[in-house]
Number of protein chains: 2
Amino acid sequence: EQSHHQTYFSAEPLDRLSAKRTDQDWIRTRQKDPRTVYLLFHKLSPMIQAQNPNQDQDQNHTADRLMQFTYEEVKDLLELPGSELVFLGLERTHNWTSDRTLDRTTDQASNPEPRSWFALGSDLEQEELLKRSKDKNCSFPKNHHRDLLRLSQDEAGLVAQSRSVLAWHARYSFCSTCGGRSRVEEAGHKRSCENTTCISHQGVHNTCYPRVDPVVIMLVLHPDQSQCLLGRKKVFPPGMFSCLAGFIEPGECVEAAVRREVQEESGVLVGPVWYVCSQPWPMPSSLMIGCLTVAVTTEINVDQDEIEEAKWFTRQQVVDSLLGGSQAEFVVPPRQTIAHQLLRHWTGLSSNL
Amino acid sequence: EQSHHQTYFSAEPLDRLSAKRTDQDWIRTRQKDPRTVYLLFHKLSPMIQAQNPNQDQDQNHTADRLMQFTYEEVKDLLELPGSELVFLGLERTHNWTSDRTLDRTTDQASNPEPRSWFALGSDLEQEELLKRSKDKNCSFPKNHHRDLLRLSQDEAGLVAQSRSVLAWHARYSFCSTCGGRSRVEEAGHKRSCENTTCISHQGVHNTCYPRVDPVVIMLVLHPDQSQCLLGRKKVFPPGMFSCLAGFIEPGECVEAAVRREVQEESGVLVGPVWYVCSQPWPMPSSLMIGCLTVAVTTEINVDQDEIEEAKWFTRQQVVDSLLGGSQAEFVVPPRQTIAHQLLRHWTGLSSNL
Ligand SMILES: Nc1ncnc2c1ncn2[C@@H]1O[C@H](COP(=O)(O)O)[C@@H](O)[C@H]1O
Ligand SMILES: Nc1ncnc2c1ncn2[C@@H]1O[C@H](COP(=O)(O)O)[C@@H](O)[C@H]1O
Ligand SMILES: [Mg+2]
Ligand SMILES: [Mg+2]
Ligand SMILES: [Mg+2]
Ligand SMILES: [Mg+2]
Ligand SMILES: [Mg+2]
Ligand SMILES: [Mg+2]
Ligand SMILES: [Zn+2]
Ligand SMILES: [Zn+2]
């Protein structure tokens, strides 16, 4: 079974065509093509059209839609110094995904050349940008951890790539090696130091490429395998418990990071580790690596700095929460999170993305 | 089965004790403890004692040894502006690993307090640093891709953490958000912008933490599953073929990155993806995520920029190469690489780390 669509944010509706990023003429032609689609971002927030603003995170909720702009509608923005442009890719002629969102607007039958997509970040005022849309209910959502979870699978995939790369431009516009200004290259996928004598131009290093932060997130099973360990941070909504998680540190493999983070956050020691699935999490640019692991000790000793409380929950308690009964012992994270999918995976309930 | 020791560089002989990094007094006390061990680095190269300089990458080769220094031997270096100090961790009282290298020098029976380890990077001349060792055959190896593969498992794990973090200090001493100088914090695990008005001090971002670059590396199986796809870069030693690999991009899950990189580098389309194991690769700071995947097309069309040649090899050809016969069709990468371990995994030959 292909695991492409297991997790929210991981759809890849476009062919990124990374080899074309260095072909400036080709990129410029694609930019000006009247069929090219621009997604507009303000402070890392995409312009969306809300469909059902009151139905919060409901499974049957109609997806919010990303607003699409043409070259003519944004070409003035492209010239402004506070704008960042990122080439996202070309629509796939053969779509790998099962999600048909993008097909609504494609016109491949009449025009064989696939459309190009770009993300455009602007630092103009929201109002100024919102005026450009003829549609109603448009906005730049404020609460990203909630509002960016209401998109279709394909559009979530587009936002994942766009938001991570734009966040990188926003925080990495200086060369970390010499402190000089850096210049955007490769259609928004590289930044090079403008100082030609800077050692960042020598040897192999990562300073000029967008950053991706790998994180381990794990469902820890009790040695009896009938319970699992979940924790809550102070910032969680009331009653919510989720999987433990943490950044992979330099020099660690996935399995070592799982063992270390579980021990740090809960005091529990774990043995074997199994990879389950992964998810890009563009807040700003994490790669969540989802694992299952079995504990070898059961006493909980939480790291109070990070975790307010951690507890063992029975499989039945988890099933009750996933099924959303009002009697549920705790609240599970939303279905768009990999933590939710790990819980489903363990209980054997099929994915409900 | 615990996969802790499957890959070279992934051993974790120390407890990193990350919560203690902010406790400056504790760190300073550990620094001055006469039992504390310092590893000395020059240009990201650790001081080692070569054991058998002529027996290149032989499986029965005696491991090279990391040179260990005491506080007294390095305390003058700690004061110099070109030095970087990184707290690596404390020896584990209960050792998780099977590798006993570090036990040779521990003295836990007589002294119950575990020893601390630090990595110390210095920009002094090599000769000046080498003088500090009383042992013979000490050096700072030049060819990292070859010379850092000759350590014991535990010492390779120490080098993985040290080298990645020191490489980060070497290339990230300026704030990427404002271009100002940054200051080392948390015992070498964080850098904060010295400019108090910099927006890097606001909100959640990654600019102050060491970078880890996730990479997918995959063994692509032929649809008939009796062959696998390997490629060679121009820089490889003659005859060597290895797994395809590439950096995970922002907004991708592991599986999507595998599909994209295989298609980019070889023109082959792949279907399902299975995670096998992972490996930190401190050149300078990658996390190799090793996968198996099955192709759905077989025609090869290499990306000439990156790959000189890619070919399908039979299982028998791979087994012959792994067993090192002189008749072998091609040369496999060394056993310390995850590519080698993926090939062993597929052929069913047990790991020979
Ligand atoms: N790349 C990163 N981005 C953000 N925080 C990080 C990063 N690496 C380490 N951290 C630290 O890790 C903490 C979160 O802990 P954890 O997610 O459990 O590793 C944050 O509060 C930061 O102090
Ligand atoms: N973090 C990174 N470090 C080094 N090179 C990178 C990084 N991200 C992207 N690249 C580019 O990826 C190329 C290697 O291709 P691949 O490993 O197949 O993705 C390098 O030559 C760089 O141009
Ligand atoms: Mg955490
Ligand atoms: Mg943590
Ligand atoms: Mg952590
Ligand atoms: Mg590659
Ligand atoms: Mg590549
Ligand atoms: Mg690549
Ligand atoms: Zn520079
Ligand atoms: Zn700054």
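1. Let's start where the two chains meet. In this predicted model, 64 residues of chain B are in contact with 64 residues of chain A. Together the two chains bury about 5600 Å², with 55% of that on carbon and sulfur atoms. On the chain B side, the residues that lose the most area to chain A are B:Arg171, B:Arg211 and B:Pro250, together 14% of what that side buries.

2. Next, the polar side of this interface. There are 36 residue pairs in polar contact across it, and 6 salt bridges. One of the salt bridges joins B:Arg16 to A:Glu252, whose closest N and O atoms are 3.9 Å apart.

3. If you want to find your way along chain B, look for the elements that give two or more residues to the side touching chain A: helix 5 (153-171), strand 12 (213-221), helix 6, strand 15 (270-281) and strand 16 (286-295). Strand 15 gives the most, with 8 residues. By class, this side of chain B has 29 nonpolar, 22 polar and 13 charged residues.

4. Now have a look at ligand 2, which lies between chains A and B. Chain A residues around ligand 2 include A:His205, A:Asn206 and A:Tyr209, while B:Arg211 and B:Asp213 are among those from chain B. The shell has 3 nonpolar, 3 polar and 5 charged residues.

5. Finally, some distances to oxygen atoms of ligand 2. A side-chain N or O atom of B:Glu265 is 2.7 Å from one, a polar side-chain atom of B:Glu261 lies 3.0 Å from one, and a backbone N or O atom of B:Phe247 lies 3.0 Å from one. Ligand 2 taken alone exposes 490 Å², and the protein buries 68% of that.

Methods. Residues numbered from 1 in each chain as written. Chains lettered and ligands numbered in written order. Predicted model: local features only at pLDDT ≥ 70, side-chain atom pairs only at ≥ 80, totals over all residues. Heavy atoms only, no water. Near = heavy atom within 4 Å. Polar contact = N/O pair within 3.5 Å; in protein donor to acceptor, adjacent residues only side chain to side chain. Areas by Shrake-Rupley, 256 points an atom, 1.4 Å probe, with all protein chains shown as cover. Nonpolar A, V, L, I, M, F, W, Y, C, P; charged D, E, K, R; others polar. Contact = heavy atoms within 4.5 Å. Buried area = accessible area lost by both parts, 1.4 Å probe. Salt bridge = Lys/Arg side-chain N within 4 Å of Asp/Glu carboxyl O. Helix = DSSP H or I, 4+ residues; strand = E, 2+ residues; numbered from the N terminus.
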